[in-house]
Amino acid sequence: MIFAAGFGTRMGALTADRPKPLISVAGRPLIDHALDLAQSVKPRRIVVNTHYKAEVLHEHLKSHGVLVSHEADQILDTGGGLKNARPLLDSDCVFTLNPDVAWKGPNPLTTLLSCWNAHDMDALLLCVPTSRAIGRIGGGDFSADIQARISRGGDLVYTGAQIVKPALLDRISEPVFSLNTLWDLLINEGRAAAAEYPGTWCDVGRPDGIVRAEHMLGNVDV
């Protein structure tokens with residue numbers, strides 16, 4: 001699942017006439033970079049959620065062979081959005097991906113897949129040390145023990161890519177909630193883990209992130 005419903009308020013005027021996933025980096029919309037990554041691992045289906053400027057994004061997605069989970073009445077946040085899309089995803093384990101980031105290195109989804117262990121994990125978050133997190137404001141999000149189980153606080157930045165078991169979202173009754181709510185439950189149970197991305201990652205949530213990402217990429221598409 002690719003999260004594409006947000007308002008993109010940090011982008012300022014750039015999102016006045018388009019949703020953030022249609023902002024270009026290295027000559028292509030952010031959503032297209034994310035779709036390339038997703039399609040490379042050959043999932044059974046790809047779901048994109050939408051809300052802000054949805055009609056523009058729907059038109060762009062027509063030729064990409066994806067399913068759309070449209071949040072018409074309100075944005076459901078990441079957890080609520082994933083829970084709402086479960087019937088379309090129809091899988092016990094799913095990748096989720098934020099499109100407003102850039103990667104230099106291997107496909108992040110391939111990295112996750114190589115580390116995934118459904119017996120020992122309910123969520124596997126792809127993280128990068130702050131030293132390789134371009135455009136990151138503030139410290140890290142998590143730390144990991146020798147068995148890769150995560151706890152809050154530390155030098156690891158969540159990159160916006162994970163594998164998670166979506167059925168666990170039924171434990172949360174609210175319709176609008178962040179994935180952080182689920183992660184906190186799984187952290188307490190020792191069921192949330194981290195994989196370290198071996199390349200470089202850039203936050204493209206703000207206008208200056210576009211320049212930073214393009215500099216990181218060296219004019220090479222993600």
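This is a predicted model: local features need pLDDT of at least 70, side-chain atom pairs count only at pLDDT 80 or more; totals for chains, interfaces and linings use all residues.
A residue is called buried when its relative accessible area is under 20%, exposed when the value is over 50%, and partly exposed in between.

**First stop: His33.** Select residues 30-40, which form helix α1, and find His33 within this helix. Is His33 buried or exposed? Its relative accessibility is 4%, so His33 counts as buried, the cut-off being under 20%. Next, display Arg28 together with His33. The side chain of His33 reaches the backbone oxygen of Arg28 at 3.5 Å.

**Second stop: a sheet of three strands.** Select strands β7, β14 and β9, which make up an open sheet in that order, with mixed pairing. The edge strands are β7, at 101-104, and β9, at 133-134; each of them pairs on one side only. In general, the strands of a sheet pair through backbone hydrogen bonds, in either a parallel or an antiparallel sense. Which residue of β14 is the bridge partner of Ile134? Selecting Cys202 shows the answer, for Cys202 is that partner.

Select helix α5, residues 179-188, and locate Thr181 in it. Thr181 has a relative accessible area of 35%, which lies between 20% and 50%, and therefore Thr181 is partly exposed. Thr181 and Leu217 are 36 residues apart along the chain, and their C-alpha atoms are separated by 33 Å.

How values were computed
Residues are numbered from 1 along each chain as its sequence is written. Side-chain values use heavy atoms; hydrogens and water are left out. Helices (H or I, at least four residues) and strands (E, at least two) are DSSP runs, numbered from the N terminus. Buried means under 20% relative accessible area, exposed over 50%, partly exposed in between (1.4 Å probe, protein chains only). A polar contact is a pair of N or O atoms within 3.5 Å; within protein, one must be able to donate a hydrogen and the other to accept it, and residues adjacent in sequence count only if both atoms are side-chain atoms. Two strands pair if DSSP finds at least two bridges between them.
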